[in-house]
Each structure stands twice: as structure tokens, then as C-alpha cells.
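Reader: Please take a close look at the side-chain packing in this model. I would like one connected account, with the cut-off given for each term.

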Amino acid sequence: MAAASGGGRLWRRVAAGLGRAVRAGSGGRAATAGAPRAEELAERLRAQRRQEREVSGERRRGLALRARDYSSQDPAQRRVRELALLSKQLQQVHPNVLAKVLKKEILYQNEEIVVINKPYGLPVHGGPGVKNCITDVLPILAKMLENMKSEPLHLCHRLDKETTGVMVLARSKEAAERIRLLFKTRQVEKIYWAIILGEPEPAEGIVEIPIVEKEVQSHQSHYKMTLAPNYRLSPEEGKVVKTRRNRHAESAVTRYRRLASSSACSLLELQPITGVKHQLRVHLAYGLGCPILGDHKYSHWSKLAPQKLPAITLRRLKLEQSKARHLPLHLHAQRLSLRLGEWIDLVCEPPPFFQKTLKKLELDIAKD
């Protein structure tokens with residue numbers, strides 16, 4: 001509207017000036033030449049005003065359409081986008097702000113440990129493309145909790161960037177070493193919840209298959225953890241044959257139990273007996289054939305591509321397959337128990353996005 005009114009004032013000034021010039025003419029050749037020139041300028045100004053009105057109208061219609069599209073977009077898709085945006089924002093905030101976020105996520109603390117609920121999308125360690133990580137802000141968090149002279153908090157174990165839940169930090173180097181020894185000697189009980197595609201068969205059991213890291217040769221070469229089984233089926237006789245052990249493979253043991261099933265998905269309780277990198281993801285995807293919902297890395301072996309979801313799962317999540325690449329990893333460290341003088345049992349509820357997915361997929365533990 002401001003552009004249109006400005007154009008109107010300009011048109012009136014030009015027209016008035018042209019009118020005076022024509023009237024001041026002697027009626028001969030000057031008047032004859034001035035009239036067409038005035039009409040031409042007037043037509044140009046009218047065209048400019050029409051164009052400005054059209055552009056302004058298109059802009060208003062575009063904004064209205066975008067607002068309508070966003071408001072009509074399914075809440076599930078909005079949550080997927082918001083979670084991805086939150087992960088990016090955690091990489092862009094000042095370290096002091098990130099430390100304040102972690103302080104709000106404290107579940108438990110005493111004179112030896114501080115236990116936090118690790119947010120989704122926040123890496124524990126630095127690396128290529130990582131601006132913010134938990135390790136970097138531990139000195140700041142310690143000062144916020146104690147005083148400016150307190151020593152930095154210490155990591156006792158790690159969680160993947162996309163994994164949420166219970167994470168233990170130590171107030172001193174000595175306490176950290178004691179807790180790490182507990183993890184190493186398997187004296188810490190860890191319980192995870194995972195939403196997976198499909199149903200494991202049997203519903204409860206143990207996966208005991210070594211894991212090794214290998215390079216995947218494809219159009220986009222990359223590295224993945226994978227299974228390195230000690231036995232295989234002989235193609236000639238169909239008998240079980242012991243294979244030569246891969247010297248780089250690590251022993252990996254995972255106990256699992258199905259808690260609920262619905263919508264071509266299941267909720268599992270997982271207990272990793274060992275602590276190999278990506279152990280739960282690999283054992284579920286390649287050992288049981290049931291990848292974790294949102295695990296785009298381990299849903300395929302030979303390529304990096306979004307996870308392919310069953311039609312009923314997409315329908316319950318109200319999500320399009322083209323948007324599935326934004327679906328977050330549904331793996332949560334739900335419980336951790338250890339003995340530090342006394343037995344400490346730490347429980348952490350899944351994040352809102354995890355709980356909303358459970359509700360949408362009708363994965364009700366009480367009913368199963």
C-alpha cells in the first residue's frame with residue numbers, strides 16, 4: 001500500500017507539471033509534441049502502479065499460502081522438523097548457554113557424581129563439523145554447580161549423538177576412574193528402550209555376535225559397524241561351520257525383551273552386557289533384522305539412504321515416506337544402576353518425541 005500511494009503522488013506531480021507545460025505552450029508545434037509525450041509518461045506510470053499492485057497482491061497471497069501450509073501440516077511432521085532444528089541450534093549456541101541447558105537436565109547429584117538427561121542430537125565428543133559437545137562445556141557446568149575454582153566434571157561413559165537418557169558425570173578424577181572400572185568390569189546395569197521396525201523372533205532372548213568396523217564400498221564409500229559371526233552355514237552341505245575369527249572383532253552381547261507390539265513396530269527393553277560402539281543398533285538391525293525406528297545408517301548395508309517404513313507405520317505417524325529422512329533415532333537410555341558405597345538406581349523418562357511416537361503407534365506396555 002505504501003508503494004502504491006507513493007506512486008499515486010508521483011503521478012499527480014508529473015501530470016500537474018505536464019499540464020502546466022502544455023498550457024504554457026503557444027498552441028503550435030510545442031503543444032502538439034508535448035501532448036503525446038505526456039500521454040506516454042502517464043501510461044507508463046499507470047502500468048507501474050498496476051505492476052506494483054500485482055506484486056503486492058502476489059506477496060500477500062504467498063504469505064497466506066505458506067501460513068496455511070504450515071498450519072495444515074501434520075503435528076508429527078512439525079515435531080520432526082522442530083527436533084532437527086533443535087539439534088542445529090545446540091551446535092550454534094554459546095557454550096555458556098549449552099551448559100545452562102545441561103544444568104536444567106540434571107536428574108541426580110551427590111558429592112561424587114552428577115547425572116544428566118542427555119538431550120537428543122548433542123554429541124559427547126568433538127569431531128569434524130562439531131562446534132559444541134558435552135566434553136567442551138564440562139568445566140563451565142562444574143563452575144555453575146560449585147564455584148569458579150571447582151575442577152571440571154569428568155566423563156564416565158558415552159552415548160551416541162542421537163541417543164537420549166541417563167548419563168553419569170564424575171566430580172573428581174578419582175571418582176571417574178572408579179566408575180569407568182565399574183563399566184569395564186560390567187558392574188553397571190544399563191537398560192535402554194528402543195522402538196524398532198518389526199517384531200523380534202523370539203520375543204525375548206540374547207544376541208551374542210562379535211562386531212567389527214568395515215568399509216562399505218558403494219557410490220558413497222563409508223564405514224559401518226557390522227557383525228562378524230563365529231559360525232556360518234556351509235552352502236554345500238547346509239551344516240553349521242565354525243569360521244576363522246576376525247582379529248579386529250570385539251565380543252558383543254545384548255539381552256532383549258519385547259514390551260509391546262503394534263503398527264508393524266515393537267518397543268524393546270535392551271540390556272547391553274558389553275559396550276561395543278553402536279552395539280544395540282547393529283545387533284537389532286543385522287542380528288534380529290529389526291532396525292531401530294529412525295536409524296537411517298543401519299537400515300541398509302550397501303547404501304546411505306532414508307529408512308523405508310511400512311505403510312501402516314507411516315499412516316499411524318501421519319508421515320510421508322519422503323519426510324522419513326528427518327525421523328529421529330528412537331533409542332533411549334532409560335535406566336542405570338551402580339554401586340558407589342550404596343546402590344544408586346537412576347531412571348529417566350523418554351523425551352516427548354519418543355512418548356508421542358509410542359502413543360501414535362499404540363505401543364501400550366500395559367495392554368501387551
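Author: Contact means heavy atoms within 4.5 Å. By that rule, and leaving aside residues up to four places away in sequence, Ile-116 touches Leu-102, Glu-105, Ile-106, Leu-107, Ile-134, Gly-165, Val-166, Met-167 and Leu-169. The model is predicted: local features need pLDDT of at least 70 and side-chain atom pairs pLDDT 80 or more, while totals for chains, interfaces and linings use all residues. Residues are numbered from 1 along each chain as its sequence is written, and side-chain values use heavy atoms, with hydrogens and water left out.

Ile-116 is among the residues with the most contacts inside the largest nonpolar core, along with Ile-134, Leu-169, Leu-270, Leu-284 and Leu-331; this core has 43 residues. Helix α5 (residues 134–145) gives the most to this core, namely five residues. Domain 1 (75–185) and domain 2 (189–338 + 351–361) each supply at least three residues to this core. A second, separate core has 22 residues, including Tyr-120, Trp-193, Leu-319 and Phe-353. A nonpolar core is a set of buried Ala, Val, Leu, Ile, Met, Phe, Trp, Tyr and Cys residues joined through side-chain atoms within 4.5 Å. Buried is under 20% relative accessible area, exposed over 50%, and partly exposed in between (1.4 Å probe, protein chains only). Domain bounds come from an automatic or database domain assignment; helices (H or I, at least four residues) and strands (E, at least two) are DSSP runs, numbered from the N terminus.

For the chain as a whole, there are nine helices and 14 strands. Of its 368 residues, 42% are buried. Among contacts with a separation of 6 or more, 64% join residues 24 or more positions apart. The protein chain exposes about 21300 Å², with 52% of that supplied by carbon and sulfur atoms (Shrake-Rupley method, 1.4 Å probe).

The aromatic side chains come next. The structure holds three aromatic pairs. Tyr-286 and Tyr-298 have ring centres 5.9 Å apart and planes at 75°, so this pair is edge-to-face. Because Tyr-286 is in helix α7 (residues 279–287) and Tyr-298 in the loop between α7 and α8 (311–317), the pair ties together parts twelve residues apart in sequence. The rings of Tyr-286 and Trp-301 have centres 6.1 Å apart and planes at 80°, so they too are edge-to-face. This second pair also links distant parts of the chain, since Trp-301 is in the loop between α7 and α8, 15 residues from Tyr-286 in helix α7. Rings of Phe, Tyr and Trp (its six-membered ring) pair if their centres lie within 6.5 Å; planes under 30 degrees apart count as stacked, over 60 as edge-to-face and the rest as tilted. Tyr-286, Tyr-298 and Trp-301 form one aromatic cluster.

Last, the cysteines. A disulfide is a pair of cysteine sulfur atoms within 2.5 Å, and the count here is zero. For Cys-265 the nearest cysteine sulfur, that of Cys-290, is 9.8 Å away. Cys-265 is buried, with a relative accessible area of 1%, and Cys-348 is buried at 2%.
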